[in-house]
Amino acid sequence: MINHIKISVRNLVEFILRGGDIDNRRGAYSDKDAMQEGSRIHRKIQKQMGSSYTAEVPLKIEIPIDEFVISLEGRADGIIIKEDEVTIDEIKGVYADLSYIEEPVFVHKAQAMCYAYIYGMQNDLQNISVQMTYCNIETEVIKRFHESFEFDQLDMWFRSVISEYAKWARFSYQSKKIRNRSIKGIEFPFEYRSGQKELAVSVYKTIKRRKTLFIQAPTGVGKTMSTIFPTVKAMGEELGDKLFYLTAKTITRTVAEEGFEILRSKGLQIKTATITAKDKLCICEEKECNPDACPYAKGHYDRINEAVFAVVSQNDNITRDILIQYANEYTVCPFEMCLDVTYWVDVIICDYNYVFDPNVFLRRYFSDGVKGDYIFLVDEAHNLVERARQMYSAELFKDNFLEIKRVVSSQSKSLASVIEKCNKHLLAMKKLCNNYVVMHDIDNFIIELLRLMTQMEKFLEEEKIFDERKKVLEFYLNVRNFLKIYELVDKSYVIYVENNSDTGFMIKLLCVDTSTNLRACLNKGNATVFFSATLLPIKYYKELLSNNVEDYAVYVHSPFDIKKRLLMIASDVSSKFTRRNREEYNKIYEYIKQVVQIKSGNYIVFFPSYSFMQDVYEVAIENGLDHEMELLKQKSSMLEEERELFLGNFKPNRDTSLVAFCVLGGVFSEGIDLKLDRLIGTIIVGTGLPMVCNERELLKQYYEERGENGFDFAYLYPGMNKVLQAAGRVIRTDFDQGIILLLDERFNGKQYKNLFPKEWEEYKVVNQLTLEPTVEEFWG
């Protein structure tokens, strides 16, 4: 209900009571995120506290203000009830030496004070105490701070906090009231295409039933509007309070922004914010987040609330440019302001990692114990499998331990000694390893890493300025991440060590089955819709993204005329490693040459790797193709400006052809939108199978042990997805016309054809003799 403004105790105190600077030089004991890594410590302390101690007590209070109610809730770590005293216990696990904590961090104490107020009021207490319990995660040493309050003191303090928050709650209430009124009047902004209305209805019903939906819908169906429109309608009926539109690429974020702008032009009043990566939002040349190096960091928390209120009260579409404008006006960090702004908008458009990544996720929405009326729309959901695998995996390299030991040896013998002990554990594992070895027990190594964290906390707190501090800090964060991921390790993980000639010896926590971790995040909301043009086979994606048999799935047929597209499979060429030679490269070149000479226009040729692309490109240059037409070649690690310039070459109405040599699965094989004759043909060399490596083989073994086809899960499905994405670049609208040529005889095999989408039922098998007449007939 919009007249109930919900907020957690933690979010309330961190928002209202913050102040001072942003300072990344501080140790993790002052970092609220690091405090949450001690869940094991929480449980252990709670079990030791005796019969007077009640753990994990949910507390909630509703405070009426004008037309609305503030609903404040949270969970006290513990309540100690004795005859003469009631104490609220707040536990924080830290890596730091407790001697550095001389008094409780105020926002931590404020959390406990809020719980004390709620419990005291609901139980009619005259006095109540709060206790801050800090525990070192590695040594399990405990330090407590105890303070008693008369209830009248707490009452006065609590009312002042709520009074500060009332302005924001009132804004939220009025904003949602206006939003919901506008939603009632909007209609779907276009004439429905074939299947589009049914798709929108499926999304709405999924949200209403609080379920998960998988949508396989080809490019051009209008997936974006078909998902955001019914979601907005559902929000107007209070089936959800906040929409997270999740994407993997900048281009799809832009498409989402445009979709909401279209609805605004029809009368919708809704607030959206797009989260831009920190590096792209930072105003400073040097990314040093501390008050000495950055004027935006100095006093940031003293000014930020005023800045945020100005942004959200004066803007509906909050983009990067808007954030930078207000950051300059109020001298605050634009990235941190962006994160705060999200709390006061209806729609958050962002990368996957702000919901799923354990290091980056928005803790105000997704930390332990926090849930909300969220709706998740996951665009280009085929990308989430590999992205999630990266997010929930972690690795450490032996060489880095030796390098950091070298850096710190002259400054801290004790830290160097702990690093050496970690290195000895790695050395022992290395002796077992020729290529790679699966490890079943690394507990002793983990214990040494915990000791290392404590020493590094102390070192970084004492040594704030030295030449290679960035390198040490990066190492510290990598170790912290490894420990954080280790807490997630279960049967869906494989732990292995590998000796690699390029990267050296490493240990890795590999998340094979991502569904458990993803589901834990998605369960914090009401409903989820995964959608993509390439969610095939749907069973594979359902298993790895949610693994819930009750999830719905919808297949939307292509609305386009199949006569406007020619799909061909070459029967006499292959990209297999055993056939990668000059003769095969010449064949591939001849196919490319024939296609692009028959009709002038823009073409993209996709290759399985940069080296393969270079080999065929050299054949093209040797044969003088660059004198007949324009040739482009994708570079590795292209900047955004370089990518835009690259795509700018795809001009309409060409007299001679342009042929772009690109890599399958790269930045140009999905997410680009070259309509009409800006792209009239795509040639795909190879089946897209990932390179054979230890990690892929471990994935294969994992699924074979569970009765699945390991090759399909590790190689075939990811590879075919890249092929389908690249092929989808050609037909984007009703007016597009073009060809797709699959250059690998393996596409004629049953296991590949079984993965073809329904709109690929009509295709032609060609060879070098029949290609030319087939293409000429199509264009003729």
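# Reading the inside of a predicted model

Author: Let's start inside: about 130 Å³ of space lies in the second largest cavity. Of the 16 residues that line this cavity, the closest to its centre are Cys282, Cys284, Cys289, Cys294 and Cys333. The model is predicted, so local features need pLDDT of at least 70 and side-chain atom pairs count only at pLDDT 80 or more, while totals for chains, interfaces and linings use all residues. Residues are numbered from 1 along each chain as its sequence is written, and side-chain values use heavy atoms, with hydrogens and water left out.

Reader: How should I read a cavity, and which helices supply the lining of this second one?

Author: Rolling a probe the size of a water molecule over the atoms shows where empty space is left. Here a cavity is a set of points, on a 1 Å grid over the protein atoms alone, where a 1.4 Å probe fits but cannot get out; lining residues have an atom within 4 Å of a point. Points are joined across faces, edges and corners, and the volume is the space filled by probe spheres set on them. Helix H8 (278–281) and helix H11 (334–341) each supply at least two lining residues; helices are DSSP runs of H or I with at least four residues, strands are E runs with at least two, and both are numbered from the N terminus. By class, this lining has twelve nonpolar, no polar and four charged residues. Nonpolar covers Ala, Val, Leu, Ile, Met, Phe, Trp, Tyr, Cys and Pro, charged covers Asp, Glu, Lys and Arg, and the others, Gly among them, are polar.

Reader: How much space lies in the largest cavity?

Author: About 330 Å³, in a structure that holds three cavities of 30 Å³ or more. The largest cavity is lined by 23 residues, and Pro218, Arg565, Gly728, Glu759 and Trp760 are the closest to its centre. Helix H26 (residues 710–727) gives the most to that lining, with three residues. The lining of the largest cavity divides into twelve nonpolar, six polar and five charged residues.

Reader: Which residues touch the most other members of the largest nonpolar core?

Author: A nonpolar core is a set of buried Ala, Val, Leu, Ile, Met, Phe, Trp, Tyr and Cys residues joined through side-chain atoms within 4.5 Å. Buried means under 20% relative accessible area, exposed over 50%, and partly exposed in between (1.4 Å probe, protein chains only). In the largest core, of 204 residues, the answer is Tyr165, Met337, Phe356, Phe445, Leu449 and Leu452. Helix H4 (residues 151–183) provides the largest share of this core, twelve residues. Apart from it lies another core of 37 residues, including Leu566 and Tyr591.

Reader: What is Leu452 in contact with, beyond its sequence neighbours?

Author: Contact means heavy atoms within 4.5 Å. Leaving aside neighbours within four places in sequence, Leu452 contacts Phe401, Leu415, Val418, Ile419, Cys422, Phe475 and Val479.

Reader: Why is helix H19 described as largely enclosed?

Author: Six of the eight residues of H19 (residues 515–522) are buried, so the rest of the structure largely encloses this helix. Ser515, Asn517, Leu518, Arg519, Cys521 and Leu522 are the buried ones.

Terms used:
1 Å grid on protein atoms, 1.4 Å probe; cavity = no way out; pocket = protein on both sides within 12 Å on 5 of 7 lines; lining within 4 Å.
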